[in-house]
Amino acid sequence: MIERENLSRKQILTGFGAGALAIIGTGLPGQAHAAVTRAMKGFIGDADILTFALNLEYLEAEFYAMATTGKTLGSRDTRGQGNAGPTSGGQMVSFANAELATVAHEIARDELDHVRFLRTALGEAAVAKPAINLDALGVGFKNDAEFVALARAFEDVGVSAYRGAAKLIENKDYLDAAAGILATEAYHAGNIRAHAIYGGYMSPKLDAKDQPPTKDNSFPTDKNGIAIGRTPAEVGMIVRGPSASGGAFFPNGLNGKIR
């Protein structure tokens with residue numbers, strides 16, 4: 001059993017942050033689980049959850065901006081607290097499917113709006129865009145199939161991240177904002193998954209929870225028909241890798257307490 005006094009501030013604010021404690025807590029009975037939850041609430045606030053979301057929105061916004069225009073976001077939408085970094089890799093996609101191209105441009109606008117919305121909500125506390133490597137997997141920009149594969153990964157992870165963070169948010173206004181973004185991400189994910197299925201595009205499995213789109217599994221839901229959720233730790237393992245110091249799409253890590 002894990003007691004509260006064994007949970008150090010370093011454990012909570014570094015590494016997997018609140019997500020790691022959420023994973024630990026799910027396997028603990030009664031008192032220990034409550035101790036983990038209290039420790040999380042003591043150091044991780046609603047603004048920290050939104051900051052974590054902003055890091056993810058930066059990644060999605062940069063991906064779609066590069067894929068649709070060949071350009072990255074401007075400094076107006078990326079400056080802030082923490083370690084700022086450039087976005088590298090990627091290129092404008094030469095879409096063969098006109099409908100997919102139209103969808104990609106619309107999603108690009110939505111993701112930029114998400115960045116601006118979260119930055120406004122956080123005010124002066126908004127973090128800067130950290131360094132992002134769009135070529136982390138070596139795919140995503142050569143053709144429709146690559147674009148759909150990477151877009152599918154980002155959208156499904158985005159939906160699961162907001163679903164997983166919902167229980168950690170206390171302020172109803174913040175929760176309402178997160179729910180609104182989650183719904184939009186779900187619209188995106190459903191459309192991209194449909195393109196993957198009907199276009200016959202393969203989509204690799206991201207982790208043990210992932211359900212890649214197939215003709216027999218359009219929607220990634222659990223036995224209750226509820227969308228899959230991931231803790232910040234599980235999301236981090238996909239987009240950043242096992243080290244809090246950085247890797248994968250975030251070579252220098254994320255900005256904020258939840259890293």
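**Rings and charges in a predicted model**

Modeller: F154 and F249 are both buried. This is a predicted model.

Colleague: What makes F154 count as buried?

Modeller: The relative accessibility of F154 is 6%. Buried means under 20%, and 6% lies under that limit, so F154 counts as buried.

Colleague: Why is F63 called buried?

Modeller: The relative accessible area of F63 is 0%. That value is under 20%, so F63 is buried.

Colleague: How many aromatic pairs does a search of the whole structure find?

Modeller: The search finds 7 aromatic pairs. One of them joins F63 and F154, with 5.1 Å centre to centre and 70 degrees between the planes.

Colleague: What makes F63 and F154 an aromatic pair, and why is the pair called edge-to-face?

Modeller: Ring centres must lie within 6.5 Å, and the centres here are 5.1 Å apart, so F63 and F154 pair. An angle over 60 degrees counts as edge-to-face; the angle is 70 degrees, and the pair is therefore edge-to-face. F63 belongs to helix α4 (residues 46-69) and F154 to helix α6 (residues 144-165), so the pair ties together parts that are 91 residues apart in sequence.

Colleague: How do you know that F154 and F249 form an aromatic pair that is edge-to-face?

Modeller: Their centres are 5.1 Å apart, which is within 6.5 Å, and the planes stand at 65 degrees, which is over 60; therefore the pair is edge-to-face. F154 lies in helix α6 and F249 in the segment after α8, so this pair ties together parts that are 95 residues apart in sequence. F63, F154 and F249 are among the members of one aromatic cluster, which also includes Y64, F95, F141 and F147.

Colleague: Let us turn to the charged side chains. What makes R152 and D156 a salt bridge?

Modeller: Side chains of opposite charge can pair when their charged atoms come close. The limit for a salt bridge is 4 Å, and the closest N and O atoms of R152 and D156 are 2.8 Å apart, so the pair qualifies. R152 and D156 are 4 residues apart in helix α6, and so are separated by about one helical turn.

Colleague: Are R152 and D156 buried or exposed?

Modeller: R152 has a relative accessible area of 1%, and D156 has one of 7%. Each value is under 20%, so R152 and D156 are buried.

Colleague: Why is R230 said to form a salt bridge with D210?

Modeller: The closest N and O atoms of R230 and D210 are 3.9 Å apart, and this is within 4 Å, so the pair counts as a salt bridge. R230 and D210 both lie in the loop between α7 and α8, so the pair ties together parts that are 20 residues apart in sequence. R230 is buried because its relative accessible area, 3%, is under 20%. D210 is buried at 4%, for that value is under 20%.

Colleague: Which backbone nitrogen does the side chain of D210 reach?

Modeller: The D210 side chain reaches the backbone nitrogen of L206 at 2.9 Å. A network of salt bridges links D210 with R152, D156, R193, D207 and R230.

Colleague: Why is K209 called partly exposed?

Modeller: The relative accessible area of K209 is 34%.

Definitions and conventions
Residues numbered from 1 in each chain as written. Predicted model: local features only at pLDDT ≥ 70, side-chain atom pairs only at ≥ 80, totals over all residues. Heavy atoms only, no water. Polar contact = N/O pair within 3.5 Å; in protein donor to acceptor, adjacent residues only side chain to side chain. Phe/Tyr/Trp six-rings, centres within 6.5 Å; stacked < 30°, edge-to-face > 60°. Helix = DSSP H or I, 4+ residues; strand = E, 2+ residues; numbered from the N terminus. Buried < 20%, exposed > 50% of the residue type's maximum accessible area, 1.4 Å probe, protein only.
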